Amino acid sequence: MTESFIDGTSVPSAQQYDNIDPATGRSIGAVARGGADEIDRAVTAARRVFGAWRKTAPAQRSDALGAIADVIDGHRERLALLECEDTGKPLSQARTDIAVAARYFRFYAHAIDSYYGQTIPLTEDLHVYTRREPLGVTGHIIAWNYPMQLLARAVAPAIAAGNTVVLKPADETPRTAVEFARLAVEVGLPAGIVNVVTGIGAEAGGALAAHPGVDAIGFVGSTRVGSEIAHAAADRVVPVVLELGGKSPQIVFADADLPRAADFITRAILQNAGQTCSAGSRLLVETTVHDELLELVLDRFRQVSIGPGIADRDLGPLISRRQQQRVTDLVSGDATGEILCGGAPPQDQELGDGAYFAPTVIDGVDPASPIAQQEIFGPVLTVNRFHDEQEALALANGTEYGLLAALWTRDLSRAHRLAADVVAGQVYVNTYGAGGGVELPFGGFKKSGYGREKGYEALDAVTATKTVVVAL
């Protein structure tokens with residue numbers, strides 16, 4: 001049984017639901033279906049300890065985060081196995097996620113030591129300075145595609161800055177969050193600083209977003225739910241950071257290193273079975289190299305091995321049968337474009353019980369069609385040609401999202417010129433980071449959300465500036 005972890009102890013709920021293994025369709029175990037009561041209990045615990053935690057020295061908080069990073073590393077294999085089973089992702093990718101989670105806590109353990117206010121030279125008889133102060137109790141609702149990474153990038157800067165936290169993990173992937181909270185207390189983090197409430201998003205997540213004791217909200221997930229979270233935050237006039245969907249373009253010019261581009265294009269859409277907000281899901285390629293690049297990509301797609309996460313193949317299942325059906329409906333229901341490979345669940349009988357979908361390339365799609373406009377969240381790459389920079393730019397900016405983009409060209413003048421004009425929160429040139437490192441501010445434009453996570457900007461999101469003016 002996976003239960004909520006509140007104020008340093010496991011908390012059951014009156015109702016439960018099954019945690020389904022997406023590789024087999026079978027239950028891994030029961031999960032406590034927390035709701036408004038558990039959220040209220042968690043917020044109360046976080047509020048009780050906030051006053052003491054915010055007054056701890058940055059060095060003390062730094063030590064606590066360092067200890068958390070060490071315990072994550074020490075339990076890396078167990079956490080990776082839980083992540084692999086919950087999400088279906090290949091075990092090696094789960095191991096990477098755990099390593100990156102530890103890195104978040106190490107980064108913010110160091111960053112908080114040098115997170116300063118400013119002095120402002122106003123007049124000779126006034127001493128003016130600013131302080132960055134924690135917001136209070138921060139609520140975080142995270143998605144199911146990278147549970148430990150998303151947890152770490154939310155919790156680490158929040159507690160480093162002196163906030164206390166209530167975290168709602170995704171319905172489908174609750175176990176690593178609960179295990180993390182337990183381990184953090186075991187290595188000395190005071191009870192109540194990090195609280196985890198398991199449950200259904202509309203119930204526990206909705207209660208967290210609307211709770212009057214929550215001082216800020218962070219959300220990672222769909223644009224539709226993000227809009228609802230933003231409304232709840234606006235009703236209470238609290239800040240919110242939204243990291244939502246993406247439809248990120250890979251823009252390949254004729255002078256690019258095509259084999260290198262093909263390698264990155266393949267990884268950027270097949271990693272985590274394409275279930276990544278920053279997946280490079282649109283390939284925009286200059287007409288003169290369209291056929292050559294597409295053959296390189298197809299050759300890599302044809303070599304992809306598929307299987308359960310524990311088997312550590314190249315591609316695991318989607319998160320659920322529901323998601324598999326959604327991807328199937330989007331691909332089969334769109335008459336535009338030519339399906340060059342994939343296009344349906346694999347026919348292998350051994351995979352029949354899981355939520356798998358074959359690696360798919362669709363060429364010549366209508367840029368206005370649903371398959372080219374909507375976030376698919378599956379291993380599906382759409383392809384369009386362009387003739388010049390302006391057409392490439394129009395295609396790249398032609399969706400309601402603006403999260404990531406990549407430019408593949410040896411012409412650095414072109415790269416800088418287009419990097420300024422592409423509407424995206426991160427732009428890569430001759431590489432692709434699917435969100436990039438811990439140090440790089442991450443977030444989007446348009447319906448990809450607002451606010452920034454990662455890097456020093458994440459500390460700005462969980463603190464407020466206080467200006468102090470002293471007459472001398």
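Author: Asn 272 is found in the loop between α9 (258–270) and β13 (282–286), where helices (H or I, at least four residues) and strands (E, at least two) are DSSP runs, numbered from the N terminus. The model is predicted, so that local features need pLDDT of at least 70, side-chain atom pairs count only at pLDDT 80 or more, and totals for chains, interfaces and linings use all residues. Residues are numbered from 1 along each chain as its sequence is written, and side-chain values use heavy atoms, with hydrogens and water left out.

Turning to the backbone, Asn 272 is not a glycine, yet has a positive phi of about 55°. Most residues other than glycine have a negative phi. Ala 273, which is likewise placed in the loop between α9 and β13, has a phi near 55°, again a positive value in a residue other than glycine. The loop that joins α9 to β13 therefore holds Asn 272 and Ala 273, with positive phi at Asn 272 and at Ala 273.

As for burial, Asn 272 counts as buried because its relative accessibility is 3%, the cut-offs being under 20% relative accessible area for buried, over 50% for exposed and partly exposed in between (1.4 Å probe, protein chains only). Ala 273 has a relative accessible area of 3%, so this residue is buried.
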